[in-house]
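Have the viewer open and click on each residue as it comes up.

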Amino acid sequence: MALTDSFQRPLRDLRISVTDRCNFRCVYCMPKELFGPDFAFLPHKDLLTFEEISRLVRVFVRGGVKKVRLTGGEPLLRRDIEKLVAQIAEIDGVEDIAMTTNGSLLTRERAQVLKNAGLQRVTVSLDSLKDDVFMKMNDVHFPVSKVLKAIDAAAEAGLTPVKVNMVVKRGLNDEDIVEMAQQFRGTGHILRFIEYMDVGNSNGWRMDDVVSAKDILNSIHEVWPLETVPPRHAGEVATRYRYQDGKGEIGVVSSVTRPFCGACNRSRLSAKGRLYTCLFASDGFDFRELLRSGKSDEEVFGALSELWGLRSDRYSELRSDETRRRNKIEMSQIGG
Ligand code: SAM
Ligand code: SF4
Ligand code: SF4
């Protein structure tokens, strides 16, 4: 039974954060000052097990989920993640399994193992081609070349089309937009520019730091003219464009300046099993508790139906100083 929320939006997409840990400290996500050496990450026993995750995916598929994305924190830090991929790939009704990663641990071998397990696509995050800029953004001195290698490894393994996420933050990497476009034009990879978002409460977000999708597109269009591409399906996060000279496609995710809540069909499961019906939600529903207290699949499905039926989130459309001050879940806990 496909579930719909209070605005008749279906449930289609499930993003699963498999760990709250990360080996990067991106300034817009896990700033070092707040995620320092003493930060208390979740102990292993608090994380959903692979069996618990697979069971939830089975229940969510009954509710309409067709796409699953593994994320984090850094999903490749979770040991044996390919086993989880394999378990999810076996579930009838899952049409698409993807992963978002910072690429730091995506070797050729790992990419192939993930592909063999049933992973279909990866999105690799990369914010600049300049080491000094990228290192300032990941804040752990991680070099660009290794991420480029990860992108090649993903493509070679057939985890395609590879998408590349670039979060644009004014004054940090906005000068690198055209260079990034040049790097990935004609490669078959899809570069996606993401407006810097006010997720969580720890990144010190200011509207002044946001470079709008319009400005991003204009700067590329001036060099290589673009045209729009119709969405592949309803609720697509990125607006799609292609180069008029046939050199491929790019996307922009304009959550701040052009919100797209109207067709939002995404749900997000945190590493400890709380379900969030919006990226900017304050609280989630504890599915781990249901599983660990011995509830049946029917009861778990009942809880999901009720929760999705009541959903009325549209944070980006309502964004204001007041909504921004609310306590919100951190990106590293639900994975974007
Ligand atoms: N660690 C993995 C990675 O970086 O790809 C997966 C998790 S990360 C939270 C998922 C995506 O969210 C990344 O592409 C990241 O750049 C993006 N992201 C994180 N914080 C953001 C913010 N404040 N605004 C926009 N995008 C953000
Ligand atoms: Fe880690 Fe990804 Fe957040 Fe960067 S964006 S700190 S890589 S979780
Ligand atoms: Fe969906 Fe919430 Fe983002 Fe709107 S703000 S598109 S409801 S996740």
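1. Let's begin with Ser104, which sits in the loop between strand 3 and helix 3. Bear in mind as you look that this is a predicted model. Is Ser104 buried or exposed? Its relative accessible area is 16%, and the cut-off for buried is under 20%, so Ser104 counts as buried.

2. Now look at what Ser104 does with its side chain. There is a polar contact to the side chain of Asn102, at 2.7 Å. Another polar contact goes to the side chain of Asn23, at 2.9 Å. Leaving aside residues up to four places away in sequence, Ser104 touches Asn23, Phe24 and Phe142.

3. Two of those names come back when you click on ligand 2. Which residues surround ligand 2? They are Cys22, Phe24, Cys26, Cys29, Met30, Gly73 and Asn102. So Phe24, a residue that Ser104 touches, is also part of the shell around ligand 2. Sorted by class, the shell has five nonpolar residues, two polar ones and no charged ones.

4. Move on to ligand 3. Around it you'll find Phe260, Cys261, Cys264, Arg266, Arg268, Cys278, Leu279, Phe280, Asp313, Arg314, Tyr315 and Ser316. Strand 10 (266-269) and helix 10 (315-318) each give at least two residues to this shell. How many charged residues are there in the shell around ligand 3? There are four, together with seven nonpolar residues and one polar residue.

5. Back to the strands. Why is strand 4 (residues 121-125) described as largely enclosed by the rest of the structure? Because four of its five residues are buried. To one partner, strand 3 (residues 96-101), strand 4 is joined in the parallel sense by four bridges. Here Met99 stands opposite Val122 of strand 4. The chain gets from strand 3 to strand 4 by way of helix 3 (residues 108-117), and this β-α-β crossover is right-handed.

6. Strand 4 also pairs with strand 5 (residues 163-168). These two run parallel and share three bridges. If you want a pair to click on, Val124 stands opposite Val164 in strand 5.

7. As a rule, most residues other than glycine have a negative phi, and most peptide bonds are trans. Which kind of peptide bond runs from Thr160 to Pro161? That one is cis, with omega near -5°. You'll find Pro161 in the loop between helix 5 (144-156) and strand 5.

8. The loop between helix 4 (131-138) and helix 5 holds Asp139, and His141 is in that loop too. Asp139 has a phi near 60°, which is positive even though the residue is not glycine. His141 also has a positive phi, near 65°, and is likewise not glycine. Check how open they are: Asp139 is partly exposed at 22% relative accessibility, while His141 is exposed, with a relative accessible area of 62%.

Methods: Residues are numbered from 1 along each chain as its sequence is written. Chains are lettered from A and ligands numbered from 1 in the order in which they are written. This is a predicted model: local features need pLDDT of at least 70, side-chain atom pairs count only at pLDDT 80 or more; totals for chains, interfaces and linings use all residues. Side-chain values use heavy atoms; hydrogens and water are left out. A residue is near a molecule or strand if one of its heavy atoms lies within 4 Å of it. Ala, Val, Leu, Ile, Met, Phe, Trp, Tyr, Cys and Pro count as nonpolar, Asp, Glu, Lys and Arg as charged, and the others, Gly among them, as polar. Buried means under 20% relative accessible area, exposed over 50%, partly exposed in between (1.4 Å probe, protein chains only). Two strands pair if DSSP finds at least two bridges between them. A crossover is right-handed if, with the strands pointing away from the viewer, the path from the first strand over the helix to the second runs clockwise. A polar contact is a pair of N or O atoms within 3.5 Å; within protein, one must be able to donate a hydrogen and the other to accept it, and residues adjacent in sequence count only if both atoms are side-chain atoms. Contact means heavy atoms within 4.5 Å.
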